[in-house]
Amino acid sequence: MIADININEEILTLVSAGQPAACFISNGNISFLKPRGPIIGLKNDYEYQPLVIPFKKNDIILFYTDGLLEFLHAQNKQATDYLVTEYDVMKEKIIKLSAIESMEKLCKSILLGDSDTNVAINDDITIIALKKE
């Protein structure tokens, strides 16, 4: 995932090369941004198409490794509703926060939440959280 944030013009440009969808939070709305693109090197002549969106005050973008999705999937497997995706689980954890006070609290909520499951982390998890002030 390559992200270019133009602070002055308040624009976020994303290009993906096989990374998980970025989580975008704006005005209380949560969406997952997945610019399409194959893994780098898969196609020699592929032209990646950027996704360009507004990035305004208090907007948040989360980038993360696939280890987070695997972890959320493992948590969800202990639940009874198998139609719920990893993205649904992440969205639910974010919604439970009444207000996003800090990026640290947001990341902890996604990783820990109020879950009482004992799911092992089997892959590295990296979360990069950016908020427009």
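This tour moves through the structure stop by stop, naming what to select and what is found there.

The model is predicted: local features need pLDDT of at least 70, side-chain atom pairs count only at pLDDT 80 or more, and totals for chains, interfaces and linings use all residues. Residues are numbered from 1 along each chain as its sequence is written, and side-chain values use heavy atoms, with hydrogens and water left out.

**The whole chain**

Begin with the cartoon of the protein, which has three helices and seven strands. Helices (H or I, at least four residues) and strands (E, at least two) are DSSP runs, numbered from the N terminus. Read from the N terminus, the order of elements is β-β-β-β-β-β-α-α-α-β. Colouring by accessibility comes next: 32% of the 133 residues count as buried. Buried means under 20% relative accessible area, exposed over 50%, and partly exposed in between (1.4 Å probe, protein chains only). Contact means heavy atoms within 4.5 Å; among contacts in the protein with a separation of 6 or more, 59% are between residues 24 or more positions apart.

**Aromatic pairs**

Rings of Phe, Tyr and Trp (its six-membered ring) pair if their centres lie within 6.5 Å; planes under 30 degrees apart count as stacked, over 60 as edge-to-face and the rest as tilted. This rule gives three aromatic pairs. Select F24 and F55: the ring centres are 6.4 Å apart and the planes stand at 35 degrees, so the pair is tilted. The pair links distant parts of the chain, 31 residues apart, with F24 in strand β3 (residues 22–26) and F55 in the loop between β5 (51–54) and β6 (60–64). F24 is buried at a relative accessible area of 9%, and F55 is buried at 2%.

Select Y46 and Y48 next. Their ring centres are 4.8 Å apart with planes at 75 degrees, so this pair is edge-to-face. Y46 is partly exposed at 29%, as is Y48 at 26%.

**Helices α2 and α3**

Two packed helices are described by the angle between their axes and the distance between the axes. Select residues 86–95 (α2) and residues 103–111 (α3), whose axes come within 9 Å and cross at roughly 130 degrees. Axes are lines fitted to C-alpha atoms, for helices over the stretch in contact, and angles run from 0 to 180 degrees between N-to-C directions. The helices α2 and α3 are therefore oblique to each other (under 35 degrees is roughly parallel, over 145 roughly antiparallel, 65 to 115 roughly perpendicular, and the rest oblique). Show the side chains of M90, K93 and I94 of α2 with L106, S109, I110 and L111 of α3, which make the contact.

**Two loop asparagines**

Most residues other than glycine have a negative phi, and most peptide bonds are trans. Select N27, in the loop between β3 and β4: its phi is positive, about 55 degrees, although N27 is not a glycine. N27 is exposed, with a relative accessible area of 74%. Move to N58, in the loop between β5 and β6; its phi is also positive, near 75 degrees, and N58 is partly exposed at 42%.

**Two distances to draw**

From N29, in strand β4 (residues 29–33) and exposed at 53%, draw a C-alpha to C-alpha distance to K91: 9.7 Å, across 62 residues of sequence. Finish at T85, in the loop between α1 (66–77) and α2. The C-alpha atoms of T85 and L72 are separated by 8.6 Å, the two being 13 residues apart along the chain.
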